[in-house]
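Work through the exercises below with the structure open beside you. Try each task before reading its solution.

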Amino acid sequence: MAVVTLNHQSPQRVAIVGAGMLGLATAWFLQEEGVEVTVLDRTGVAAGSSWGNAGWLTPGLATPLPEPAVLKYGVRAVISPASPVYVPVTANRRLLSFLVRFARNSTMTQWRQAMAALVPINSLALESFDLLRDGGVSAPTHDAESFIAAYRTPAEREVLLDEIKHIRASGQELEFDVLTGDEAQAIEPSLSPAIGAGIRLRGQRFISPSEYVESLAEAVRERGGRIVSGVQIDAIKDKGDHVLVAREAYDAVVIASGAWLNDLARPFGVKIPVQAGRGYSFTIPIERVPAGPVYFPSQRVACTPAGDRLRVAGMMEFRPADAGLDTRRIEAIVDAARPLLRGAELGSRRDEWVGARPCSPDGLPVVGRTKSERVYVAGGHGMWGITLGPATGRLLAETMTTGVLPSQLAPFDPLR
């Protein structure tokens with residue numbers, strides 16, 4: 001059931017802190033309602049986790065990050081630099097507190113509850129990209145001609161088949177085919193002979209994330225929006241009848257600053273921590289670029305076509321958002337991918353990147369109004385900020401302009 005805010009007045013001028021997918025999608029959908037928007041970013045468009053993301057548009061796989069499988073890694077595994085889920089030994093109390101809460105949510109009961117909360121917004125994901133396309137965003141979304149999850153053995157494949165069973169039981173649509181290794185290689189020749197089993201997912205898409213977000217930014221500008229780079233926002237001041245952001249007055253502000261969300265949102269009652277879950281990627285030449293995404297779930301390595309190259313991404317590294325790129329993580333991804341890809345020139349890497357994906361301890365986004373009626377937040381999507389960015393911006397814009405909280409956003413209350 002939607003929640004209505006009484007005596008609500010739609011804002012006329014809104015500042016948005018963050019020029020990634022979430023911030024720009026929110027700006028675009030606010031413009032649809034006639035709102036004047038200014039997007040502020042400390043670095044620039046798509047400079048954060050939007051740039052080197054795998055670029056999957058996979059609502060069928062948009063599941064809570066805390067899951068029972070995470071607990072199976074064990075302490076020795078997660079402190080290994082080669083582990084796909086890496087947690088360095090630390091005395092940082094904030095990170096330790098986050099990890100404890102994350103572990104408590106990594107149960108099947110909690111996963112089911114979080115998954116049920118994600119299904120309604122997942123169902124809006126692809127149609128929200130279609131709305132952007134129909135409204136003039138020129139960068140394409142690509143239908144995945146093939147989307148293969150590949151494994152060495154049929155036994156390894158059982159983990160995803162079991163997860164798909166739970167995903168579908170939650171009400172999330174996801175069509176798939178079970179493949180032998182030979183069938184997977186016939187569909188996708190970039191898979192090596194080491195692949196002995198696979199799953200083909202249907203109905204998914206992908207994008208070039210940096211190209212798409214730049215195109216979205218251009219659409220916001222063309223409709224009169226301002227995008228200002230090089231602006232460091234240290235505080236937001238609620239003055240009762242307006243908010244001050246970078247010394248300018250606005251009717252409302254949206255904090256969409258990714259892994260840095262808490263810095264600005266904490267004074268407005270947002271206590272749920274948003275932690276950087278850093279991902280790495282690079283691009284390589286490959287003899288035959290896949291027709292769609294290729295996923296190696298056991299190694300947590302995601303591959304996506306990137307023009308005439310292949311983007312290879314992986315890792316979930318819980319470290320400070322501003323920490324530098326750790327070459328050991330890149331090498332770990334290379335070592336994991338090398339035996340599984342055919343014709344891949346992993347020594348000819350370009351575009352090496354690390355980005356801070358904003359993760360919440362319960363696996364749910366943090367979206368909606370804070371204690372201030374003029375301050376809103378949008379973040380905490382973990383690995384699904386690209387997939388769910390437009391749907392989130394669409395629903396948040398509706399909330400801000402109508403005073404009606406759509407039922408799809410209710411589980412993501414920033415004050416929970």
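**Exercise 1. Sort the residues that line the largest cavity by class, then locate them.**

Step 1: the classes. The lining has 4 nonpolar, 6 polar and no charged residues. Here Ala, Val, Leu, Ile, Met, Phe, Trp, Tyr, Cys and Pro count as nonpolar, Asp, Glu, Lys and Arg as charged, and the others, Gly among them, as polar.

Step 2: the ground rules. This is a predicted model, in which local features need pLDDT of at least 70, side-chain atom pairs count only at pLDDT 80 or more, and totals for chains, interfaces and linings use all residues. Residues are numbered from 1 along each chain as its sequence is written, and side-chain values use heavy atoms, with hydrogens and water left out.

Step 3: the residues. T63, L65, C359, S360, G363, G380, H381, G382, M383 and W384 line the largest cavity. On a 1 Å grid over the protein atoms alone, a cavity is a set of points where a 1.4 Å probe fits but cannot get out; lining residues have an atom within 4 Å of a point.

Step 4: the volume. The largest cavity holds about 60 Å³. A volume is the space filled by probe spheres set on the points, with grid points joined across faces, edges and corners.

**Exercise 2. Describe the second largest cavity by volume, lining and class.**

Step 1: its volume is about 30 Å³. The count of cavities of 30 Å³ or more is 2.

Step 2: its lining is T63, L118, G363, P365, H381, W384 and L388.

Step 3: these residues divide into 4 nonpolar, 3 polar and no charged.

**Exercise 3. Which residues lie nearest the centre of the second largest pocket, and how many line it?**

Step 1: a pocket is an open set of grid points with protein on both sides within 12 Å along at least five of seven lines. This one has a volume of about 750 Å³.

Step 2: its lining has 41 residues, with G48, S257, G258, A259 and W260 nearest the centre.

Step 3: strand 20 gives the most, with 6 residues. Helices (H or I, at least four residues) and strands (E, at least two) are DSSP runs, numbered from the N terminus.

Step 4: by class, the lining has 19 nonpolar, 16 polar and 6 charged residues.

**Exercise 4. At what angle do helix 6 and helix 12 cross?**

Step 1: the axes of helix 6 (residues 125-134) and helix 12 come within 8 Å and cross at roughly 70°. Axes are lines fitted to C-alpha atoms, for helices over the stretch in contact, and angles run from 0 to 180 degrees between N-to-C directions.

Step 2: the two helices are therefore roughly perpendicular to each other (65 to 115 degrees; under 35 is roughly parallel, over 145 roughly antiparallel, the rest oblique).

Step 3: the contact includes F129 of helix 6 and R394 of helix 12.

Key. Contact means heavy atoms within 4.5 Å.
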